[in-house]
Amino acid sequence: MTQSNWDLALSALGPILMGAIQGTIPLALVSFALGLVLALVLALMRLSRQRWLSAIARVFISIVRGTPLLVQLFVIFYGLPSLGLLIDPWPSAVIAFSINVGGYAAEVIRAAILSVPQGQWEAAWMVGMSRRKALTRIILPQAARVSVPPLSNTFISLVKDTSLASLILVTELFRQAQKVAAFSQEFMLLYLEAALVYWVICLVLSTVQGRLEKRLDRYVAH
Amino acid sequence: MSPIDTPLDPPTEPQHGEGTEPAASAALLTVRGLRKSFGSTSVLESIDLTVARGQVLALIGPSGSGKTTILRCLNGLETADGGTITITAEVADATQVAATPGDPSLAGTAITVDFGAVKGPSDKSLAALRDRSAMVFQNYNLFPHKTVLENVLEGPVVVQRRPKAEVTAEALALLARVGLADKTDAFPFELSGGQQQRVGIVRALALRPQLLLFDEPTSSLDPELVGDVLRLIKELAIEGWTMVIVTHELEFAREVASEIAFVDGGTIVEHGDPRQVLRNPREERTRQFLHRLLNPF
């Protein structure tokens, strides 16, 4: 690498990191949080004894998982305006990513809830708990432990998927890299630099995942 | 503690049966015509039971006979298709108040759950049933993400909303009593099976139930750990707790129970004084079951 390449990479780091801090990271965090809430609701609907609730959730999950995220993003940002519904880039991205996370994580959470032995429900009822209390105090904490690894996968995928938001004009990591690349014509350098920053973010997340798993594993025999 | 019949001297007269119970007011638990089927398979056919306060009923019988289903119905974990379950909450004397006060506002009132009702039993009546009884499970079913003490506090503090300090003191005393004073902050996985089951028993006691239900409490234990748990249950019987125990431990049943009921094919084939049922069973089916159990080879 030449000296001028180094200088360019260094000077691009500022805007790229700003894109990560102002775009990628908050986008991923907000979408994941909202997506998890949606996923929990969908998972409980799927487990409901009310057939129609379960059916609605099943269809919703099927559509989310059966269509490309990019198409979902475009429908919301470029499609809805033709119905008179204009949504800014940032909220459009949050809506699309939350729905996407909701669809995928719902099945993870449902499986995690089902993995808790029936005896735990019975013990919770025995001590007098309602279904709701049993769920929140006894079942979900145990399901959380089981679902950390798959949900971490979902989150790491989401961080990378937020790069798609560059296509609906959200100022985030990849869009910043694109801008500098277009200006300097150094595509290889800047896209590799963007890749490196994504990788570092995901490394940090993996570490957090490891710690979380360890914390939640403290009540399990090793 | 109130004086009761010692385990080795069970009442000579059967305390329950169709129309034979002496003083109806003494009955803590009354089951009438309890029926249940899973699909087309009938698992319970018109079960009648009465257990007087302070008495211990042991249910014995082959696996699949329905004895565990009876117990689960008593705690509302299984909904029967018909019949009634009544649990009274009379408070016998001051010592009983200390040991098993339950909800004082309900004292003296009887809870009846009618499974034959058109819409089935109400959630409220099932909850009331659970409020009066507490179950000890075969597989302990402790909450693995909570410490021993938290396991015990969960019901009294979170559900019954009793003062935490008071319940904690009570729980610590109970845990000390069963030899687990040094394990209060341990997680269930750190305990042996016998210790876990003793926590299960303390968890049930802390709910201050009127009726204790044991579902094969020693069947999951290593043989050398069975004794501790059975001894504890025997102590509770002597203290005057009213219990229904599903068990395969015939020797234990003979010693602790005031009455034994042999369940087979979803019916109570015979019941009565433990020594009579175990030594001189009237029914051929009981005789065969006992023979198989005592001569496994």
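**View 1. The interface between chain B and chain A of the predicted model.** Chain B and chain A bury about 1900 Å² between them, 65% of it on carbon and sulfur atoms, where buried area is the accessible area (1.4 Å probe) that two parts lose on being put together, summed over both. Phe143(B), His145(B) and Phe189(B) supply 28% of the area that chain B buries against chain A, more than any other three residues. In terms of contacts (heavy atoms within 4.5 Å), 22 residues of chain B meet 19 residues of chain A. This is a predicted model, in which local features need pLDDT of at least 70 and side-chain atom pairs count only at pLDDT 80 or more, while totals for chains, interfaces and linings use all residues. Residues are numbered from 1 along each chain as its sequence is written, chains are lettered from A and ligands numbered from 1 in the order in which they are written, and side-chain values use heavy atoms, with hydrogens and water left out.

View 2. Arg72(B) forms a salt bridge with Glu122(A), with the closest N and O atoms 2.6 Å apart. On the side of chain B that touches chain A, the elements giving two or more residues are β6 (133-136) and α4 (148-159) of chain B, helices (H or I, at least four residues) and strands (E, at least two) being DSSP runs numbered from the N terminus. The element that gives the most to this side is α4(B), with four residues.

View 3. The side chains of Arg110(A) and Glu107(A) meet in a salt bridge (3.5 Å, N to O), and both residues lie in helix α4 (residues 89-115) of chain A, three residues apart, about one turn of the helix. Arg110(A) is partly exposed at 21% relative accessibility, whereas Glu107(A) is buried at 18%; buried means under 20% relative accessible area, exposed over 50%, and partly exposed in between (1.4 Å probe, protein chains only).

**View 4. The salt bridge of Arg208(B) and Glu170(B).** The closest N and O atoms of Arg208(B) and Glu170(B) are 2.5 Å apart in their salt bridge. Arg208(B) lies in the loop between α6 (193-206) and β7 (211-215) of chain B and Glu170(B) in helix α5 (residues 164-177) of chain B, so the pair ties together parts that are 38 residues apart in sequence. Arg208(B) is buried, at 17% relative accessibility, and Glu170(B) is partly exposed, with a relative accessible area of 23%.

**View 5. Helix α10 of chain B and its surroundings.** In α10 (residues 284-294) of chain B, the residues Thr286(B), Phe289(B) and Leu290(B) are buried. Seen down the axis of α10(B), its buried residues fall within an arc of 95 degrees, so they line one face of the helix, the arc being that of the directions from the helix axis to the C-beta atoms. Their cover includes β3 (56-60), α8 (250-256), β9 (259-264), β10 (267-272) and α9 (274-279) of chain B.

How values were computed: A salt bridge is a side-chain nitrogen of Lys or Arg within 4 Å of a carboxyl oxygen of Asp or Glu.
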